[in-house]
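Look over the sequence and the structure before reading on.

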Amino acid sequence: MFEKILIANRGEIACRVIRTARRMGIKTVAVYSDADRNALHVEMADEAVHIGAAPSAQSYLLIEKIVEACKATGAQAVHPGYGFLSEKREFQEALAAAGIAFIGPDAFAIQAMGDKIESKKLAKKAGVSTVPGYLGVIADDSEAVTIARDIGYPVMIKASAGGGGKGMRVAWNDEEAREGFRSATNEARSSFADDRVFVEKYIQQPRHIEIQLLADGQGTCLYLHERECSIQRRHQKVIEEAPSPFLDAATRKAMGEQAVALANAVQYKSAGTVEFIVDAERNFYFLEMNTRLQVEHPVTELITGLDLVELMIRVAAGEKLTLRQEDVQLNGWAVEARVYAEDPFRNFLPSTGRLTHYRPPAADSHVRVDTGVYEGGEISMYYDPMIAKLCTWGPTRDAAIAEMREALDQYYIRGVSHNIPFLASLMANQRFVDGRLTTNFIAEEYPTGFHASDLPPEDPAVLIAVAAVIHRSLNDRDIQISGKMAGNKATVRDDWVVVLDGTRHPVHLHAAEGKAQRIGYAVEVDGQRHTVLSDWRIGEPLFHGTVNGTDVRVQIDRVGIGYRLHHSGSQAVVKVLTPKAAALDALMPVKAPPDMSKFLLSPMPGLLVSLAVSEGQEVKAGEVLAVVEAMKMENILRASQDGTVAKIHAAPGSSLAVDQKIVEFA
Ligand code: ADP
């Protein structure tokens, strides 16, 4: 077995690999860029080597630097994680040349599966069912049309070197085929420096179901069942689960056996995944094989009880698998939600910044949190804005989903925007709960994007009762402190008015009968009685208790004289006032929001690449004002109306926060 391994990655996956290596008694080496000096993976590893500047092309993608780091530290093997160099044949070859083991498949398998056209040819030969289509390189748009007609519309035009959802177009007619060919070719050329595209049948209403494989390269290749990853936004996975609610035992076995046949055809070694799309009749078709550990591997670990990273390390060290196919468990149900630093209410714009508060739900046998961040740490603009992968397990699918709802309610993140409201909305969506999934799910269920109204309806009485109890506890404490002073007139009050969304609700509190908890009240809200019991302590950001016997978790932030409450993905600002203060509060003027129409604001965090205007210049509607680069894409900002530039607020080269002023008009 190896004594020391290097992890050529960052973030949650680097931390996850380190954890297993440590448990196996293997020393670990982290690598890091300038932006990751204080990152969690660096802190967790036994040693860490600085490999370059923040952009990944100048650090995590530099093969030489990583080989050097191995030599300098004496690491005998490298785990590549996912992304970065994990599927780069050249990396594997450079390591082999230096006598360092690669914890993954051989270069040949990476090469064979790295290209969509070549891998589909191989799959066909191995008897794997593939999407009907044309597996040749297409010369021009008229050939694309001829082939599309042959296959029959709708078709999908795909970049052979594609990945991450890039270079794919759906076409329903000749015109779209022509246009799709051109745009897929251009995107493939700029993203992958390889403009080969092919055409295949577009499977309608498909599910994305993938098979996890594990092979030792010494004759044993096992399938560790499937994961369903149909909940995608723009071809990127958001929710994954294992097993799939759609497969029966026979289909599972057939898919598993075909995946194994393909792996054997390339003498596969290590963990890998064969992706399929499955139509409404449970016909399944090979999409591609990922020759690495997948982001969503934890759901497989939760239902099989296996540690995939441990098994990858053992196989790379030359051990044979002792597990047999019939011993692979399928126990219960697991769901994963990808928690991202992005604003779901603003078209999922990535968010960056410092995590001022970060408290994940407590991990136990039903809750797993894989993360690479910590409170006080930073989400930088250089890498994938994933905060964590939250997984829950239950004996049934319903139980796993219920656990997920609870865990999301507990997840406390401040400082950056995050998608927990969206994840909470998905978990409450009836079609999701029923398991009626397709890859179009998000587009169909949220046709105009995500809005606060997509969140499950709340019973306002629950929030009102909780707010009153929180406020009463704080009031009691104030009296305890100041009551010891002479002349104090403060009294314990039972009557309050809770102002929620501008509506006033009279509230009356009584001590609850026979309470065992520290806090227990019968709260009359608008004349209706609710029993609130809790062990909450002042200062805790999460209120956990029961309202009328039902478990409730509410996150509390103080804002001004009121509170912002977060529950089931939604937020409400409440004020708890004395009846007299409430009467006066109603007379307070409402502050109008500032007029920002005279400003060009940065729509996202990013880099101001260039400014096209100067002070005093007149501009016409549609004219280019500035270019902002974010997430490796250049965004051109144009004038929305005619006007005169009064002031420039940001210089080219400066990094911009979302909504930061760039230009002011007269
Ligand atoms: P990438 O390598 O970019 O991730 P994939 O080939 O894995 O591309 O496809 C990504 C997603 O695109 C799939 O999960 C599926 O939702 C959709 N997709 C791909 N091919 C087809 C097809 N022929 N018909 C329908 N949907 C498809």
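Ala, Val, Leu, Ile, Met, Phe, Trp, Tyr, Cys and Pro count as nonpolar, Asp, Glu, Lys and Arg as charged, and the others, Gly among them, as polar. On that basis, the shell around the ligand divides into six nonpolar, eight polar and seven charged residues.

This is a predicted model: local features need pLDDT of at least 70, side-chain atom pairs count only at pLDDT 80 or more, and totals for chains, interfaces and linings use all residues. Residues are numbered from 1 along each chain as its sequence is written, and side-chain values use heavy atoms, with hydrogens and water left out.

**The ligand and its shell**

The ligand is surrounded by 21 residues. A residue is near a molecule if one of its heavy atoms lies within 4 Å of it. Lys-116, Gly-165, Glu-200, Ile-203 and His-208 are the closest.

Polar contacts come next. Each is a pair of N or O atoms within 3.5 Å; within protein, one must be able to donate a hydrogen and the other to accept it, and residues adjacent in sequence count only if both atoms are side-chain atoms.

| Residue | Residue atom | Ligand atom | Distance |
|---|---|---|---|
| Glu-200 | side-chain N or O | nitrogen | 2.9 Å |
| Lys-201 | backbone N or O | nitrogen | 2.9 Å |
| Ile-203 | backbone N or O | nitrogen | 2.9 Å |

On its own, the ligand has 550 Å² of accessible area (Shrake-Rupley method, 1.4 Å probe), and the protein covers 95% of that area.

Which strands supply at least two residues each to the shell? They are strand 7 (155-159), strand 9 (197-201), strand 13 (269-278) and strand 14 (284-290). Strands are DSSP runs (E, at least two residues), as are helices (H or I, at least four), numbered from the N terminus.

**Domains**

An automatic or database domain assignment gives the bounds. The protein is divided into domain 1 (4-103), domain 2 (132-201), domain 3 (207-454), domain 4 (460-585) and domain 5 (599-665). Domain 2 and domain 3 each give at least three residues to the ligand shell.

The C-alpha centres of domain 3 and domain 5 are 39 Å apart. Six residues of domain 3 are in contact (heavy atoms within 4.5 Å) with six of domain 5. The two domains bury about 620 Å² between them, with 68% from carbon and sulfur atoms. Buried area is the accessible area (1.4 Å probe) that two parts lose on being put together, summed over both. Arg-346, Pro-350 and Met-381 supply 62% of the area that domain 3 buries against domain 5, more than any other three residues.

**Backbone details**

Tyr-153 and Pro-154 are joined by a cis peptide bond, with omega about -5°. Pro-154 sits in the loop between helix 7 (141-151) and strand 7.
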